[in-house]
Amino acid sequence: MEYQYYMPTKVIAGENCIVKNSSVFSSLGTKAILVTGTGSAKKNGSLQDVLEALESVGIESILFDKIMSNPTIDIVYEGAELAKKEKADFVIAIGGGSPMDAGKAIALLASQDIKEEELFSGNYENKVFPMAFVPTTAGTGSEVTPYSILTNDKAQTKTSIASPLLFPKVAFLDARYMMGLGQATTINTAIDALSHAVEGMLSVRATAMSDFYAVESTKILAECLRELRVSSESVISLELRERLLHASMLAGIVISHTGTTAVHSMGYSLTYFKDIDHGRANGLLLPSFLEFIKESKPERVEQILSLMNCEDTRAFRSLLEDLLGKKETITEEEIKTYSSIAIKAKNIANGIVIAKEEDLQKIFRESLN
Ligand SMILES: [Zn+2]
């Protein structure tokens, strides 16, 4: 058995874990730049907890609360400039995938000069601001991955910066910050996490260690998704949200080893061109992708279906359809354009079965019509 396993992020989970562990911040630096979206970190109590923790250990901070969903290259350069101007020396990112992904790019760009053309190259000096992450959705797993995914207008898709430098030093998992999330966001983000676990199992880079996390994550998410299918917004309990946050972190560890596959490359087109939420985009595509893989690797897909407690791919599709509701439509022209972009993505090569452009077209066609 051959594998490498590397997960340098300290994970601290539990109610009120930020304030209880405020001393951790003292090991990261002397002045923090707080990277958040425009609103939710203020409403869900996470920003307040971080400020309280920082105050208790005498650390100054500045707030950069401009991160939009699907962050742009411009916004991360702007954040890095502010960090330099204010002499911050570490990053605390609070929010869903967007503030966390932006936080990583800001930590990199504030520590060294990288030209925009070089941003996705992976050729960086060996330095980065230390990072502490506070996820406020349960889906991206960004708190434990070495990826920062940004909107790349030149390539008309989302592209990831990948570097071991981008692993946060600390991740604080407190599900209380997710209590105000609506049903749709909770479902979309949970499906993103599921997609990470499942794609990790369908990656050529899967190992005994990544499978260990993927199996556990998939089992937890299978249960949670069934509970979400029958629940209404008002009854998503803290306990269910804790399981979702835990499973999402586990799935993040999976993709930090395996990368994602064609589902993510294709989903990026749906997000870029049609503004479909990232997790939802993956959820729309995942059943047909499983069917595509099943043609050549039936045992692996059977294993996933059994973890999901689904008899066959049809049962899997029906579970996701119940959760996602009415689907968007796609034209034949869009299918061709999106497939031609997705086929160029690096993660296509990760699949245990390598999809060709016509396979992507077929998956798009089956998934959205
Ligand atoms: Zn994802």
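Modeller: A definition to begin with: on a 1 Å grid over the protein atoms alone, a cavity is a set of points where a 1.4 Å probe fits but cannot get out, and a pocket is an open set with protein on both sides within 12 Å along at least five of seven lines; lining residues have an atom within 4 Å of a point. This is a predicted model: local features need pLDDT of at least 70, side-chain atom pairs count only at pLDDT 80 or more, and totals for chains, interfaces and linings use all residues. Residues are numbered from 1 along each chain as its sequence is written, and side-chain values use heavy atoms, with hydrogens and water left out.

Colleague: How many cavities of 30 Å³ or more are there?
Modeller: The count is one. The largest cavity has a volume of about 40 Å³. A volume here is the space filled by probe spheres set on the points, with grid points joined across faces, edges and corners.

Colleague: Which residues line the largest cavity?
Modeller: Gly283, Leu284, Pro287, Arg317, Leu320, Glu321, Leu324 and Lys327. Helices H11 (278–296) and H13 each give two or more residues to that lining. H13 supplies the largest share, four residues. Helices (H or I, at least four residues) and strands (E, at least two) are DSSP runs, numbered from the N terminus.

Colleague: How do the axes of H11 and H13 cross?
Modeller: At roughly 175 degrees, coming within 10 Å. Axes are lines fitted to C-alpha atoms, for helices over the stretch in contact, and angles run from 0 to 180 degrees between N-to-C directions. H11 and H13 are therefore roughly antiparallel (over 145 degrees). Their contact (heavy atoms within 4.5 Å) includes Gly283, Leu284 and Pro287 of H11 and Arg317, Leu320 and Leu324 of H13. By class, that contact has seven nonpolar, three polar and four charged residues.

Colleague: And how does H7 pack with H13?
Modeller: H7 (residues 183–201) and H13 (residues 313–324) pack at about 150 degrees, with axes 10 Å apart. That makes H7 roughly antiparallel to H13. Ile187, Asn188, Ile191 and Leu194 of H7 make the contact with Phe316, Leu320, Leu323 and Leu324 of H13. Seven of these residues are nonpolar, one is polar and none is charged.

Colleague: What about H7 and H9, what is their angle?
Modeller: About 35 degrees, with the axes of H7 and H9 (residues 238–258) 8 Å apart. Among the residues that meet are Ala190, Ala193 and Ala197 in H7, and Leu244, Ala251 and Val254 in H9.

Notes
Parallel < 35°, antiparallel > 145°, perpendicular 65-115°, else oblique. Nonpolar A, V, L, I, M, F, W, Y, C, P; charged D, E, K, R; others polar.
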